[in-house]
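Trainee: I am new to this structure and would like a close look at one part of it. Could you walk me through that part slowly?

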Amino acid sequence: MSSLDIEDVHLWYGQFHALRGVSLSIGQGDFLALLGPSGCGKTSLLRSVAGFVHPQKGSIRVGGQDVVRLKPRERNLGMVFQHYALFPHMSAAENVAFGLKCRNVEKAEAEERVARALDMVGLSHLADRKPRQLSGGQQQRVALARALVIEPNVLLLDEPLGALDKKLRVQMQSELKQLQRKLGVTAVFVTHDQEEAMAMADEILIMRDGVIEQIGRPKEIFTAPRTSWAAEFVGSGNVLKGRLGPAADGARPIDLGPGCAFALAEWANLPADGEATAFVQAEAVKLAPANGSGQGLEVVSQRYLGVYVEVQAQYRDGVLRALVSPEEAEAFGVGSRVTATAAPTCVRPMEG
Amino acid sequence: MIPRISLSLWTTLTLIFLLGPLVIIVGGSFTEAPHVTFPPEGFTLKWYAQLMEREDFLESFIDSMVLAVAATAAATILGTIAALALARENFKGREAFRAFLMSPLILPTVVTGVALFQFIRLLEIPSNMLGLIIGHTLITLPYVIRTVGAALVGLDKSLAEAAEVLGAKPARILFQVVMPAIAPAILVSVIFAFIVSFDQVTISIFLTGPDVMTLPIRIYTYIEFAIDPMIAAVSTLLILFAYLLVVGLERAFGLDKVFGKKG
Ligand SMILES: Nc1ncnc2c1ncn2[C@@H]1O[C@H](COP(=O)(O)OP(=O)(O)OP(=O)(O)O)[C@@H](O)[C@H]1O
Ligand SMILES: [Mg+2]
């Protein structure tokens, strides 16, 4: 179990510059989620760490040791693939034992470790089954046991839950997270799914076209995306662009046209007077019925999301999204007029 | 939609068409007439008895077996190695190499035969059997490369990668991960290679000599003089042999597995 430090990694596939100066550092036992749209380089980064591709520039250190020149088999990593990559002709137990055989672990000890690993993922009773006799979730667990039994320095997971259905995925998310925490193994987890990243990671890294767009704690990413691209990508709220007014009550209002009353509590780094971009989470937007017809914003749609209702209202520059409780939503039917505001501390400045 | 009746009718007609010659041959081998007749006139085993006295046919059968086994073994080993090489990504001139190895399939067999004849004369290879083995290996090689190559293309690359991160060296990856995964394809190519070799006439004509004569050539030379029911008897025994071969494989490995139906 080691820390992982990546510094200014560049990777070219022929002419194509796939990783363009990626740096990150995760501590021992941390869980990092790599999040980003398809083709942004998540797999490439993971494969660079694993040693399947060779960055032309930069350094990758596992537990302080530079591994760039090491072969994959010399790096002592655990890896879980999207389609598990279980060896089809071997039983679950033989799959798990494979890494120990490669390490010439003595037979009795190997058997014991395999048994423990299978027990850990709750599959002791299926040790003799071949992969094709196991369900997707069970195969996933075998793959996990196989990767963990060698006590890897870092566990790499490339969309490991991508092939499972929604319900099983949620269950595996929490199992995986618990296991990772219990073993204290450093983990890097690739996913497309914002919610999955949010649910599992200590830290989330958002990638875009081979560069890091933002790295931070899940809460930070969801409440204060650094750029409007990141905000759009995580999709947790509204990007507001407007002219800043003079400070009042410790906050500076941002002009978004009639019906909107938003102000920033934090403006130290913004120009004294001028255009600013800010972010507000959909949950933080407060709606109220507008007095007088023709006033405020028109509600254009409502969408039930389970616990919340998403209300969309037309404002000067576009559509404002707010999440409200189903009871509140009754007052904001489609066609009704509302005003919108948020606590100034929830309106966060962004880098355009 | 095609009505059921007409579908089963077509199936029956196709089967009759395909199996017709076999039935005629098998039936003809029991006829009492001095030429192949169908339906057989009477019933006799005399053609089989006559065949049993022909040691030349037995010798040819043994020659063909030795040749087919040797050529199949050589082609399977070489072809598997070639297919593994062709499956590598970083391989300059891969397409040229592939085309070269597949060329026996594209060239008219007569041309390959003539070329082999010259080649083996030039090398002064002393034994006709050795020459035949070389020739048969050459022409069965493409079947092995095709079949094993297709299996390698279909092989999930992450299997080898998974083995590699787990600490496996290349030899272990090859023998414990890749080979077991492509074993069914290798078995299929063994069958193909064996049949192609056992059946081969054109190449063999150029390479047989006084010390070896393969069974197809023996039959071929014999029917130049006479088509009598003894040939039907040979053919019947060959059909039986092929049938037993397939049933044996089915028993030993399960043909479903061989042809990759199950994982
Ligand atoms: N072997 C390769 N040769 C050339 N280009 C490649 C290769 N592998 C990946 N790429 C390119 O590099 C970019 C990043 O690919 P990568 O697989 O890392 O994306 P990703 O973020 O994992 O995407 P996804 O979410 O779809 O898995 C893509 O544009 C891809 O086309
Ligand atoms: Mg990927």
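Which residue stands opposite A:Leu35 in β9(A)? Please start from there and show me the strand and what lies around it.

Mentor: Happy to. The residue opposite A:Leu35 in β9(A) is A:Ile206. Please keep in mind that this is a predicted model.

Let us begin with the strand pairing. Strand β9 covers residues 203–208 of chain A, and four bridges join it to β3(A), with the two strands running parallel. The pair you asked about, A:Leu35 and A:Ile206, belongs to this pairing.

Now turn to the strand itself. β3 spans residues 31–35 of chain A, and five of its five residues are buried. That cover reaches both faces of the strand. On one side sit A:Phe31, A:Ala33 and A:Leu35, on the other A:Leu32 and A:Leu34, and each of these is buried. A residue is called buried here when its relative accessible area is under 20%.

Let us step along the chain to the ligand. Ligand 1 is surrounded by 13 residues, and the closest are A:Ser38, A:Gly39, A:Lys42, A:Thr43 and A:Ser44. By type, this shell divides into five nonpolar, six polar and two charged residues. Two elements of chain A, β2 (16–26) and α1 (42–50), each supply at least two residues of the shell. The largest share comes from α1(A), with three residues.

A polar side-chain atom of A:Ser44 lies 2.5 Å from an oxygen atom of ligand 1. For A:Thr43, an N or O atom in the side chain is 2.6 Å from an oxygen atom of the ligand. At A:Cys40 the backbone takes part instead: one of its polar atoms is 3.2 Å from a ligand oxygen. As for cover, ligand 1 taken alone exposes 640 Å², and the protein buries 59% of that.

Finally, zoom out to the whole chain. Chain A is divided into domain 1 (4–223) and domain 2 (235–349), and the C-alpha centres of these two domains lie 40 Å apart.

Methods
Residues are numbered from 1 along each chain as its sequence is written. Chains are lettered from A and ligands numbered from 1 in the order in which they are written. This is a predicted model: local features need pLDDT of at least 70, side-chain atom pairs count only at pLDDT 80 or more; totals for chains, interfaces and linings use all residues. Side-chain values use heavy atoms; hydrogens and water are left out. A residue is near a molecule or strand if one of its heavy atoms lies within 4 Å of it. A polar contact is a pair of N or O atoms within 3.5 Å; within protein, one must be able to donate a hydrogen and the other to accept it, and residues adjacent in sequence count only if both atoms are side-chain atoms. Accessible areas come from the Shrake-Rupley method with a 1.4 Å probe; for residues, only the protein chains shown count as cover. Ala, Val, Leu, Ile, Met, Phe, Trp, Tyr, Cys and Pro count as nonpolar, Asp, Glu, Lys and Arg as charged, and the others, Gly among them, as polar. Buried means under 20% relative accessible area, exposed over 50%, partly exposed in between (1.4 Å probe, protein chains only). Two strands pair if DSSP finds at least two bridges between them. Domain bounds come from an automatic or database domain assignment.
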